[in-house]
Amino acid sequence: MSIVDKKTFNEEIFSNIRKLIIDYKLIGERNLIAVALSGGKDSVLTLYALSQLKDDEDFIDFDLVAILVNEGIKNYRNYGIESAKKITKKLGVEYIEKSFKGEFGYTLDDIHSYFKSACIPCGVFRRNILNKTAHDIGADKIATGHNMDDEIQSYLMTFSRADILKFSKFGPISDKIHPKLVPRIKPLWEISEKNVGMWAIINEIDIHLGECPYSNFSLRGKTKTFLNNVESAHPGVKKDIMASFKEIFDVEPTNATPKDCNRCGEPSSSNICMSCKIKDFIEENKVS
Ligand code: SF4
Ligand SMILES: [Zn+2]
């Protein structure tokens, strides 16, 4: 086993992120970037990398803020919050915390049993809160910690669900298709999950390492296990999948322009947004 040189390893990771941001124009001059922070390794590396680039006088002039969404998962999210607070303080980045309880009136623990997977309401509510908060503070982009493995998993999941319209969401930046929809950028798009983990370990970063207790029941959790098994039997397969996706990811974007939800006014592909539909579903299940 070769010994990793910390300095070289860090330089490679950070220069990859810097190059991706420039090549794909992820950040514009004087942008305000809101990092979706969870306290886990991916979002923490995203914050570290962007914070370093923000201080780089030769780089694009931009500003940074961190938003954490507390889903309300007992014995899990509280550890991430601790790490997120410490790290933002250390890096001097403004920290904003929102919660499912504060915005929707219930924690994920309260409502997860109404759904086949806790990830269904979790993803919809988190996206809603992140977008609303980022838009309210005037952020130009939301930076997420999605790494290369996450992207491959998402792609395979859209195949398995035959959800072809989602293919247009593939890539390191999303289009601004509605005035209230803040575009998302993925600075770790080309960094493998293994390398993100290695970065956190060799730099002794204070992160939350726990796995969400609901993750194993999700399609994503199973897709991740499947891909990791294939990768150990055939090293390099993930990179090859990513290379194939890059070849074909420039698919036609959907022509569906989001409207405003009739109920809450947030961007939505139909008259009522997913968050409002999920809220209705929860209320119906509560009384039955
Ligand atoms: S694994 Fe699912 S339930 Fe857990 S934080 Fe992620 S999306 Fe939410
Ligand atoms: Zn709505």
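Helices and strands here are DSSP runs, numbered from the N terminus, and a strand needs at least two residues. Strand β3, residues 94-99, is one such run, and Ser 99 lies in it. The model is predicted.

## Ser 99 and strand β3

Start with Ser 99 in strand β3. Is Ser 99 buried, exposed or partly exposed? Ser 99 has 18 C-beta neighbours inside 10 Å, so it counts as partly exposed. A buried residue would need 20 or more. Beyond its neighbours up to four places away in sequence, Ser 99 touches Val 69, Asn 70 and Gly 72. Ile 129 is 30 residues from Ser 99 in sequence. In space, their C-alpha atoms are 8.1 Å apart.

## The nonpolar core

Now turn to the interior. In soluble globular proteins, nonpolar side chains tend to be buried together. The largest nonpolar core in this model has 53 residues. Val 35, Leu 47 and Ile 67 have the most contacts inside this core. Helix α2, residues 41-54, gives the most to the core, with seven residues.

What does Ile 67 touch, not counting residues up to four places away in sequence? Its contacts include Ala 34, Ala 36 and Leu 37. Ile 96 and Lys 98 are also among them. Leu 130, Thr 133 and Ala 134 are on the list too.

Ser 38 sits in the loop between β1 (32-36) and α2. Leaving aside neighbours within four places in sequence, Ser 38 contacts Ser 43, Leu 68, Gly 80 and Ala 84. Ser 38 and Asp 260 are 222 residues apart in sequence, with 28 Å between their C-alpha atoms.

## Where α2 meets α8

Helix α2 also meets helix α8, residues 193-202. The two axes come within 10 Å and cross at roughly 70 degrees. Angles of 65 to 115 degrees count as roughly perpendicular. So α2 and α8 are roughly perpendicular to each other.

Which residues meet here? From α2 come Lys 41, Asp 42 and Leu 45. From α8 come Val 196, Gly 197, Trp 199 and Ala 200. By type, the residues of this contact are four nonpolar, one polar and two charged.

## Two positive phi values

Glu 204 follows α8, and its phi is positive, near 50 degrees. Glu 204 is not a glycine. Its place is in the loop between α8 and α9 (219-233).

Lys 25 lies in the loop between α1 and β1. With 11 C-beta neighbours inside 10 Å, Lys 25 counts as exposed.

Gly 102 has its place in helix α4, residues 100-104. Its 12 C-beta neighbours inside 10 Å make Gly 102 exposed, because the class takes in 12 or fewer.

Val 237 lies in helix α10, residues 237-248. Val 237 has 14 C-beta neighbours inside 10 Å, so it counts as partly exposed. Leaving aside neighbours within four places in sequence, Val 237 is in contact with Val 230 and Glu 231.

## Separations in the chain and in space

| Pair | Apart in sequence | C-alpha to C-alpha |
|---|---|---|
| Ser 99 and Ile 129 | 30 residues | 8.1 Å |
| Val 237 and Glu 151 | 86 residues | 14 Å |
| Gly 102 and Arg 263 | 161 residues | 18 Å |
| Ser 38 and Asp 260 | 222 residues | 28 Å |

How values were computed. Residues numbered from 1 in each chain as written. Chains lettered and ligands numbered in written order. Predicted model: local features only at pLDDT ≥ 70, side-chain atom pairs only at ≥ 80, totals over all residues. Core = buried A, V, L, I, M, F, W, Y, C linked by C-beta atoms within 7 Å. Helix = DSSP H or I, 4+ residues; strand = E, 2+ residues; numbered from the N terminus. Contact = placed C-beta atoms within 7 Å. Axes fitted to C-alpha atoms, helices over the stretch in contact; angles between N-to-C directions. Parallel < 35°, antiparallel > 145°, perpendicular 65-115°, else oblique. Nonpolar A, V, L, I, M, F, W, Y, C, P; charged D, E, K, R; others polar.
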